[in-house]
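Dear colleague,

I am handing over the structure below, and after it you will find what turned up when it was examined. Please read the notes alongside the coordinates.

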Amino acid sequence: MLKGLTKNRWLQIPVQIRKGKVIHSLSSRLHRVFQRLHKYPNDIVIETASVCNLNCTICRSVKTDLGRKNRFMSSYLFKKIIDDIAPICNTIGVSYCGEPLLNKDIFKMVRYASDKGMCVSMLTNGVLLNADARNGVLDSGLNFMAISMDGASKHTYESIRIGASFETLVDNIRLFVKERNHRRLSYPSIDLQMVVTQKNIHEVDAFKKLARDLGVERAYLKSLHIDRSKEDVDYVKNLEKDYFVNSTTLPTRYIVNKQGNLELKDKGLCPQKARTPVITTDGDVLPCCFDIFGEYVLGNIINQRFLDTWNSGKYIDFRRNLAMHRKLPMCINCLPSNYKTTNKILF
């Protein structure tokens, strides 16, 4: 167990000046070595919001009660988490089951983590990326932003992303890139992603072209994910029948077996080695991002230090005997294959 920051202060110093890409890359690599040597988390996901402004047809989170007491994480709790984990983990995400831009303190949160030398990423639907939000993000020190765009036309996009405006999203992205470039900033790097379904497969080429026109750094396709935890029969059947794409050239985590049912392509060991925990808006520590209902709470950051939870007998046993060997119901949602199986980078 670490005593203060003394054992890895030499790792934190380069991160503080990480705006240089080479320095940031080197520092991240050093941190990875440090994490592996000490068996600490690879990354930590912090749920800053558990609610969303959209009602997407393929998303499970918005269709059920997740059981959270708090819709948004408080700034106080977020800072407590960052202070707690900074000595052992320098990479965090601020998105989980909700839209982070709904949290009124999100920019202050990212700024706080960034000032602590952390690499911060955000997944957003981009609909709320108005002028104030654009300035807030650019002032926050955010490193990476992934924006979901499940269609390259108004009809397709809005039929999947219920409640969103295609024109608003396109304008938001274009103006964000323009303002970032005007400030001569290299961060945040912007990814545009599209979950491939029967509804949008015909727009893959158009999506790639649109992404280039918008000036983002990277565009990629993602495999559809069908959440089967606390199985909702209608939800699963709808996605299998009307959304799943059976393809050998596009990313997919499923195959159709001899019985005509979908099953994961690979059922090997945990791809993350059970080392990518989630901290919810309530402060609960979950083992991974597939536990969206919080069925496997291993501790709570409000009344216990993260390392005390991480090093507890309960968590150690969980990592070694359950999660690693995929013995849990939630593991049926996860594909332990390489990145190329579930994602296809377009550029």
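**Helix α3 and its surroundings**

In helix α3, the buried residues are S75, L77, F78, I81, I82, D84 and I85. Please keep in mind throughout that this is a predicted model. Those buried residues of α3 pack against several other elements, namely the strands β1, β2 (91-93) and β9 (278-279) together with the helices α4 (106-115) and α10 (306-310).

**Salt bridges**

How many salt bridges does the structure hold? The count comes to 16, and I describe a few of them here.

One of them joins D227 to R60, with 3.1 Å between the closest N and O atoms. This pair links distant parts of the chain, since D227 sits in the loop between β6 (218-222) and α9 (233-242) while R60 sits in the loop between β1 (44-46) and α3 (75-85), the two being 167 residues apart. D227 and R60 are both buried.

Another salt bridge is formed by the side chains of R161 and D150, at 2.9 Å from N to O. R161 belongs to the loop between α6 (154-160) and α7 (166-182), and D150 to the loop between β4 (144-148) and α6, so this pair ties together parts that are 11 residues apart in sequence. Here too R161 is buried, as is D150.

A further salt bridge connects E179 with R183, whose closest N and O atoms are 3.1 Å apart.

**Cysteines**

A search of the whole structure for disulfides finds zero. C119 counts as buried, because its relative accessibility is 7%. C288 is in no disulfide either, and the nearest cysteine sulfur to C288, belonging to C289, is 5.1 Å away. With a relative accessibility of 22%, C288 counts as partly exposed.

**The cavity**

When the whole structure is searched for cavities of 30 Å³ or more, one is found, and the volume of the largest cavity is about 60 Å³. Its lining is made up of V196, S223, L224, F244, V245, S247, L250, P251, T252 and Y254. Which kinds of residue make up the lining of the largest cavity? Seven of the lining residues are nonpolar and three are polar, with no charged residue among them.

**L214 in helix α8**

Finally, a note on L214, which has its place in helix α8 (residues 204-214). At a relative accessibility of 3%, L214 counts as buried. Leaving aside residues up to four places away in sequence, L214 touches M149, V170, I173, R174, V177 and L192. The C-alpha atom of L214 is separated by 9.0 Å from that of L175, although the two residues are 39 residues apart along the chain.

With kind regards

Terms used. Residues are numbered from 1 along each chain as its sequence is written. This is a predicted model: local features need pLDDT of at least 70, side-chain atom pairs count only at pLDDT 80 or more; totals for chains, interfaces and linings use all residues. Side-chain values use heavy atoms; hydrogens and water are left out. A salt bridge is a side-chain nitrogen of Lys or Arg within 4 Å of a carboxyl oxygen of Asp or Glu. Helices (H or I, at least four residues) and strands (E, at least two) are DSSP runs, numbered from the N terminus. Buried means under 20% relative accessible area, exposed over 50%, partly exposed in between (1.4 Å probe, protein chains only). On a 1 Å grid over the protein atoms alone, a cavity is a set of points where a 1.4 Å probe fits but cannot get out, and a pocket is an open set with protein on both sides within 12 Å along at least five of seven lines; lining residues have an atom within 4 Å of a point. Grid points are joined across faces, edges and corners, and a volume is the space filled by probe spheres set on the points. Ala, Val, Leu, Ile, Met, Phe, Trp, Tyr, Cys and Pro count as nonpolar, Asp, Glu, Lys and Arg as charged, and the others, Gly among them, as polar. A disulfide is a pair of cysteine sulfur atoms within 2.5 Å. Contact means heavy atoms within 4.5 Å.
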